[in-house]
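Me: I've got a structure to go through and I'd like to take it slowly. Let's start once it's up on the screen.

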Amino acid sequence: MLRQLYVQNVAVIQKAVIEFKNGLNVFTGETGAGKTILISALDAVLGQRSSHEMIRSGEEKATVSALFEDISPRAKAKLLELGFEDEDGSVLITREITKSGKSLCRIGGIPATASMLKEISSLLIHIHGQRDQSRLLLSENHIELIDTFGEFERELVIYRKAYGNMRDAESRIKALDMDDAQKNQRIDMLSFQVKEIENAGLSDVNEEDELLARKKIIRNSEKILDGLSAGYAALRGDGEIVGIESLFGELVSGVGAAAEYIDPLLKISERLNEINYELSDFSAEIRAYLDDFDFDPRELDEIESRLDVIYKLKRKYGSNVAEIIAFGENAAAELLEIETSGERKEKLIKELEHAREQAEKLSRELSKKRLAVAKEFTVLIEAELAFLDMPSVRFNVSHSKKELSSDGIDELAFTIAANAGEPLKPLSKIASGGELSRIMLAVKNVLADKDDIDTLIFDEVDTGVSGRAAQKIGRKLKQASSERQVICVTHLAQVAAFADYHILIHKHEKDGKTYTKVSPLDTEKSIAELARITGGELITELSLQSARELWEHSRQG
């Protein structure tokens, strides 16, 4: 669960360290004090998109850290999969956002990517707010909620594999389905390309480099011969000069004679002898190059002609010999594929028929399971809504069939009649803000047992409600917090009264700048805050008494 949140230089928050506890944690405060900013900060540290605009005015960067403790086995496994480790069941996630727009992410102090943060955080915490309400209005998202409730992950994996096989077979058949004119044109072109490359006789990927090296030698043959001859003459001498070998031989003899009488000269004599042997080897090797150096001037024409062939092929088929050879092999393979497309198409049609039968069978089985759990889902949602002060509501999951798709053959949509005697209509047509808030809370409660997420955050889930309905929402959040940690941002005293841990967010000005402070409240301060929420800034004995009664009532039953 989320144990601590550290926020620095985010909007009006200069620095805040917020401790969280088990049970129901509630944030309250004046409008604009920074409640929503904290949710945005959490979004950033959980890998969501962030902007440099969230950095406090006058600062270079913003930093957010979240410490999670007692993380689930699934979260630990995901950490290992991503290359990280927990520390005794704890993990610290940090994100820094700079003015340049760049961000630095860390998991346990080790650099990570935003996508890694998103992967691991999805197993640690869920944030429910206005975005969830918007998604709830879109019927295309309803099938996903039913699948989550039915825990159909395995069935979906199996079905999607079969559906993927079907789509793959369709694509391959479509690729073969070209008219005769197109097919003949393609065959002619591929045949020409294959023949042209085959006629070139390319086999050695290094041929061009070798030809260029040989061309360089032939073009510089006179310089090579002159250099080798001069070097050989210097070593062995000629009629006019004494060679290095002869002179060095005298040096070896002279030092060797002296070494017979001076012991330290023995090592010098030995080294000179070794050099003398090397000079003899040099002479022999250079002589061999001179003896073997032979070329036919016509060879240069042959090399130029071969290089011209390769150059023309490179202009069409690749930047080097290896790419040309690969192009030819691919063209030959495609040519064979087209020429045998009739036989292959018959085989693919059989594969497609089998794949479609399998996908349709699995989609029917999945549909049957969905309809069964949809009834159970409906009963539970209506019970939740009745508790949340919507006793006359009728909720239903409408069903229709569609063509096979990645999620099966079902079109599912949530419909509702908020009052007795009214017909069922889509959520987007009739749900008010208050009704939608309670429907979302009902859905989250029904789905709560389907995952092992330890922390749920509700951002103003009480929007559009008041009075008894708000109190019911508070009691429902309290109930949910018995199984996991719940963090709630609210502006209603009826909800805040149920808090196990009440946190006040308030702002003040200093030196012309606005600062936000986060303060945990004890019982008396919490009651005073309830009175402020209910009656405004003027807190009277009567409003305090009313707030105390509200606080005490929330702890009954």
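Me: F20 first: buried or exposed?
Reply: F20 counts as buried, because its relative accessibility is 2%. The cut-offs are: buried under 20% relative accessible area, exposed over 50%, partly exposed in between (1.4 Å probe, protein chains only).

Me: What kind of model is this?
Reply: It's a predicted model, where local features need pLDDT of at least 70 and side-chain atom pairs count only at pLDDT 80 or more, while totals for chains, interfaces and linings use all residues. Residues are numbered from 1 along each chain as its sequence is written, and side-chain values use heavy atoms, with hydrogens and water left out.

Me: Which residues form an aromatic cluster?
Reply: F149, F377, F395 and F414 make up one cluster.

Me: Switching topic: how many salt bridges does the structure hold?
Reply: There are 29. Each one is a Lys or Arg side-chain nitrogen within 4 Å of a carboxyl oxygen of Asp or Glu.

Me: What does R370 pair up with?
Reply: R370 forms a salt bridge with D147, at 2.8 Å from N to O. The pair ties together distant parts of the chain, 223 residues apart: R370 sits in helix α14 (residues 341-387) and D147 in helix α5 (residues 142-150). Helices are DSSP runs (H or I, at least four residues), numbered from the N terminus.

Me: Is that R370 end buried or exposed?
Reply: R370 is buried, as its relative accessibility is 1%. D147 is buried too, because its relative accessible area is 7%.

Me: Now helix α11: how far apart are D291 and R287?
Reply: They're four residues apart, so about one helical turn separates them. Their side chains meet in a salt bridge of 3.0 Å, N to O. D291 is exposed, with 51% relative accessible area, and R287 is partly exposed at 33%.

Me: What about D308 and K312?
Reply: Those side chains form a salt bridge too, 3.4 Å from N to O. D308 and K312 are four residues apart in helix α12 (residues 297-317), so they are separated by about one helical turn.

Terms used. Rings of Phe, Tyr and Trp (its six-membered ring) pair if their centres lie within 6.5 Å; planes under 30 degrees apart count as stacked, over 60 as edge-to-face and the rest as tilted. Helices (H or I, at least four residues) and strands (E, at least two) are DSSP runs, numbered from the N terminus.
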